[in-house]
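Please read it alongside the sequence and the model.

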Amino acid sequence: MHGRPRKAPTEEEQEASVVKGAKLRSIQAKFFQFHHTNTYTKEALEVNAKLLEMNPEFITGWNYRKLAVQYHLEAAQSDEDSIKSILDEELKVVESALMTNFKSYGAWHHRKWVLNMGHSSTDRELFLLKKFQKLDARNFHAWNYRRFVTALKNIPDEEELQYTTDMIYENFSNYSAWHNRSVLLSRLLKEEVEGYYPKEKVLTEEFEFVRNALFTDPDDQSGWFYHLWLLDQTVKLEHLLVSSWPPNGSNVNVSDYCALSPSLSSISRTLPLILCFSEAVGGINSSTVSVVCESNMDSNLIWTPISVDKSGLARTWLTYLTFSSEPMHPSRNYLVKVSIANSEGIISSAGFCCSNPSHMAFTVCLPSSNTEFDEGPDIERIDWSEENFSSNQLHSENLGLINSFNELTISGDNKKTYETNAKIIADEIDYCRELLSEMDCKIGKLTLARLLLAYDALSSASRGVQDQNMFQYKEILELYHDLMKLDPPHFQYYKDQYSLVFLKQELANEESLLKYCYQYRDSTSLSNNSLCLCLRGLSLSQIGCIERLLWVQMLDLSNNGIRSIEGLESLQLLCCLNLSNNKICSFSALEPLRLLKSLKVLDISHNEIGAHPIDTRRYLCASPLSHTSDWKREEFVVSGPEMTIYWDAFSIFSGLNLRQLSVTGNPIADKKFKLFLCKLLPAMKWLDDEKLR
């Protein structure tokens with residue numbers, strides 16, 4: 001534990017442990033007799049106190065004491081002296097237990113419970129905490145309890161912040177003191193307390209403070225973690241709209257995208273509208289996002305978050321624009337304006353409101369009123385072989401939709417803040433490089449990579465455009481390449497970060513992105529879906545830059561090292577996806593596919609699905625046999641007994657309308673599984689290159 005090797009107990013220690021165990025079992029037997037009979041006498045409480053002193057982690061013992069206290073408090077009625085005596089005894093029991101193990105969760109929780117009664121003095125608590133913090137200054141239980149006590153005593157955050165400063169100067173390695181400092185400083189900055197505003201001034205001072213710890217002991221991680229927290233506070237200023245589909249200034253034809261709508265009708269024309277933000281947000285609705293069109297359009301828009309987090313927030317939001325049919329009118333172009341005004345209703349995960357309005361506009365071509373809509377092209381088998389793609393036949397109408405970056409206009413005050421914070425990060429980059437020039441520090445290299453990415457984000461936002469510094473990306477990639485060699489235990493983490501930065505570099509602008517765009521040979525079978533983004537064979541382990549790929553309808557990610565496709569759920573136009581020859585080891589790793597309702601062609605061949613007998617990710621999906629599952633009973637019965645084996649595959653594919661699927665090369669892909677897929681996907685025409693109907 002914590003890098004300390006276990007030592008085999010000596011013979012004397014083993015004998016003492018046997019004696020202690022026998023005594024503990026004897027006392028525990030007596031305790032359970034009292035507990036089962038709801039006996040709360042003085043003798044019973046003394047037995048319980050001895051038991052908790054020997055074993056402070058015995059939660060049942062603490063729960064018993066709560067029942068006993070409530071029993072005696074009812075008997076004491078309103079006698080203040082009796083109540084105080086009962087609660088003081090509880091505090092003594094807790095102290096005895098903490099002397100045995102001052103990291104006991106149960107003991108600290110019980111002490112909080114007693115103090116919350118409101119009859120005990122808090123004056124002695126800080127003195128007690130000092131005793132425990134002398135034994136272990138980093139004890140996070142004691143620091144957690146300290147926050148509880150200071151809140152009860154209304155001790156100002158400024159005073160507590162000074163206490164953390166003193167503790168840090170005593171020991172730079174006091175991670176708990178650094179953490180407490182971040183908690184206190186968060187409140188002071190949020191409330192704009194005198195002396196802690198403007199935020200940029202405070203952050204500059206804090207960077208200088210933590211720098212002393214980093215230069216004193218670069219190998220200690222406590223200061224670096226606080227430095228990372230400061231970096232996060234510097235970068236996350238507010239959420240911004242970073243991309244959309246249709247992109248600003250584009251011209252789209254509704255008939256090309258009618259198959260993407262949730263419902264089809266000869267009297268309606270429906271187009272998806274996608275907004276992607278710099279971080280997860282909530283509150284996207286008709287009152288916070290204005291959509292205005294010259295045509296007769298349904299104004300009652302329902303916005304849906306794509307892949308929400310625990311707080312119900314999402315980076316990507318989707319709605320459908322429905323244009324009503326006008327009698328006997330020819331094809332026409334209509335201007336659609338989308339505005340996100342300065343709104344307190346849009347809240348980010350960091351707690352910021354939208355203070356930078358965003359405006360965009362695009363043109364929609366509506367076909368004549370007598371145009372019939374269908375489910376889109378009757379897709380024949382898609383052959384992902386390289387010879388079927390060409391880079392010199394790109395259609396001009398498709399190229400206009402590639403650039404989905406919004407050239408954001410940052411207001412004067414916000415722009416100044418971004419520029420100031422970019423200067424703070426630039427200074428930290430210089431200091432970090434100075435440190436690395438003197439020693440080879442792994443966490444220093446990681447921090448420099450993060451600082452460079454943060455500077456890139458801030459400087460790009462302050463300029464209001466999405467142009468990138470290629471040399472900077474090259475340096476970041478070199479840092480992660482070095483870290484993969486220096487720190488093999490964390491190789492996969494560095495590899496994932498390398499993949500994300502590499503994609504940022506390769507998709508940085510339209511010119512570099514076009515290197516990966518190809519035209520599928522048979523454009524007639526796919527209509528406007530024939531433009532393919534080919535990211536095959538790039539050694540990617542993770543997918544990023546999703547905000548730059550909202551336009552993608554055909555995506556080739558084959559021959560990489562991808563384990564998770566998290567993020568792909570934002571690509572709501574995606575119709576054809578190739579994930580063959582990767583390292584996907586379970587159906588639960590394909591969870592984002594459930595949200596891609598437009599997906600028609602999927603290739604997951606030659607992965608590792610079914611290779612691992614114990615798949616821990618499998619339990620992220622709800623089993624149909626679980627009482628918490630939202631599965632319909634009739635679906636379970638109809639699908640047959642195979643459901644109990646393939647329920648995780650069912651959870652991914654049941655909501656999709658796949659026409660072509662490839663699963664060959666996976667250990668799970670036997671004849672029985674393929675029969676299950678045929679039953680599950682009645683619209684499927686091709687399975688592993690074999691035509692079904």
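Buried means under 20% relative accessible area, exposed means over 50%, and partly exposed lies in between, with a 1.4 Å probe and protein chains only. The model is predicted: local features need pLDDT of at least 70, side-chain atom pairs count only at pLDDT 80 or more, and totals for chains, interfaces and linings use all residues. Residues are numbered from 1 along each chain as its sequence is written, and side-chain values use heavy atoms, with hydrogens and water left out.

**Burial of helix α5**

- Helices (H or I, at least four residues) and strands (E, at least two) are DSSP runs, numbered from the N terminus.
- Nine of the eleven residues of α5 are buried, so this helix is largely enclosed by the rest of the structure.
- The buried residues are Gly106, Ala107, Trp108, His110, Arg111, Lys112, Trp113, Val114 and Leu115.
- The cover over them includes α3 (59–76), α4, α6 and α7 (140–153), where contact means heavy atoms within 4.5 Å.

- Two packed helices are described by the angle between their axes and the distance between the axes.
- Axes are lines fitted to C-alpha atoms, for helices over the stretch in contact, and angles run from 0 to 180 degrees between N-to-C directions.
- Helix α4 (residues 80–100) packs with α5 at an angle of about 160°, the axes being 9 Å apart.
- That makes α4 roughly antiparallel to α5 (angles over 145 degrees).
- From α4, Leu87, Glu90, Leu91, Val94, Glu95, Ala97 and Leu98 meet Ala107, Trp108, His110, Arg111, Val114 and Leu115 of α5.
- By class, this contact of α4 with α5 has nine nonpolar, one polar and three charged residues; Ala, Val, Leu, Ile, Met, Phe, Trp, Tyr, Cys and Pro count as nonpolar, Asp, Glu, Lys and Arg as charged, and the others, Gly among them, as polar.

**Packing of α5 on α6**

- The axes of α5 (residues 105–115) and α6 (residues 123–135) come within 13 Å and cross at roughly 170°.
- That makes α5 roughly antiparallel to α6.
- Trp108, Arg111 and Leu115 of α5 meet Arg124, Glu125, Leu128, Leu129 and Phe132 of α6.
- The contact of α5 with α6 has five nonpolar, no polar and three charged residues.

**His359 in strand β10**

- His359 lies in strand β10 (residues 358–366) and is exposed, at 56% relative accessible area.
- Beyond neighbours within four places in sequence, His359 is in contact with Val338 and Ser339.
- The side chains of His359 and Ser339 form a polar contact of 3.1 Å (a pair of N or O atoms within 3.5 Å; within protein, one must be able to donate a hydrogen and the other to accept it, and residues adjacent in sequence count only if both atoms are side-chain atoms).

Technical notes. Parallel < 35°, antiparallel > 145°, perpendicular 65-115°, else oblique.
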